[in-house]
Every structure is written in C-alpha cells, then in structure tokens.
Amino acid sequence: MTIRILPYSAGAHAGLEGAFTVLSFSEEVDPDVAYVEGTAGDVYVESSDQVDRYKMAFARICDAALPPEESMGLIADAKERLAHD
C-alpha cells in the first residue's frame, strides 16, 4: 500500500466530484470497472469510455498528490504537532 496526500494547496481536483475506485483484473475476459459512490447511490460503471475517464481522473489526482516520502513526512509532522497540543 502506498499513502499519498493530496494537499489543500493542490486546489480543485477530479476527486472533489465524489469517491470512486477503479477495479482492474488480471484476466482479459474481466474488463476494468469503476465503482462510484454518490449522494444518489453507488453504481458500477462498465462502459470502457467511462471507465477510462475515471482512470484519467485518478492519474490527474496522483500527479497532484505529494510523493510517498513527502506524504509520510507530512503525517509525521502532524502527529508530532498533535502530541504537543
């Protein structure tokens, strides 16, 4: 597991529309699926065009997120600050 933080300074990003998960499978007979959580309910998106949109959104979020080392440093700093409060 890799933890990466998307800081507030990144501004608006694709994840603000709601939570989603892209499920990829190793077998070619099982196409990728996006699981999308929303206020109107949760849905599985199976259209390859729509799944590709979620894959691109995830890539943009990853591009804006801090690298793993910086993310862990930010978590450690926050833990240290909370320990002294």
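For the contacts on this tour, two residues touch when they have heavy atoms within 4.5 Å. One thing to keep in mind throughout: this is a predicted model.

Start by selecting I61. Leaving aside residues up to four places away in sequence, I61 touches L6, H13, A14, G15 and F20.

Now widen the selection to the largest nonpolar core. I61 belongs to this set of eight residues, together with A14, F20, A34, V36, V45, V51 and A57. Colour by secondary structure and you'll see that β2 and α1 are the elements giving two or more residues to the core. The largest share, three residues, comes from α1.

Next, show the surface and look for the largest pocket, which holds about 260 Å³ of space. It has 14 lining residues, and the ones to pick for its centre are A14, E17, F20, R53 and Y54, which lie nearest to that point. Helix α1 (residues 48-64) supplies the largest share of the lining, five residues. Colour the lining by type and you get seven nonpolar, three polar and four charged residues.

Last stop: Y35, in strand β2 (residues 33-36). Beyond residues up to four places away in sequence, Y35 touches A19, F20, T21, D42, V43 and Y44. Zoom in on D42 in particular, as its side chain and that of Y35 are joined by a polar contact of 2.9 Å. Then zoom out to M72: Y35 and M72 are 37 residues apart in sequence and 27 Å apart in space, C-alpha to C-alpha.

How values were computed. Residues numbered from 1 in each chain as written. Predicted model: local features only at pLDDT ≥ 70, side-chain atom pairs only at ≥ 80, totals over all residues. Heavy atoms only, no water. 1 Å grid on protein atoms, 1.4 Å probe; cavity = no way out; pocket = protein on both sides within 12 Å on 5 of 7 lines; lining within 4 Å. Points joined across faces, edges and corners; volume = space filled by probe spheres on them. Helix = DSSP H or I, 4+ residues; strand = E, 2+ residues; numbered from the N terminus. Nonpolar A, V, L, I, M, F, W, Y, C, P; charged D, E, K, R; others polar. Polar contact = N/O pair within 3.5 Å; in protein donor to acceptor, adjacent residues only side chain to side chain. Core = buried A, V, L, I, M, F, W, Y, C linked by side-chain atoms within 4.5 Å. Buried < 20%, exposed > 50% of the residue type's maximum accessible area, 1.4 Å probe, protein only.
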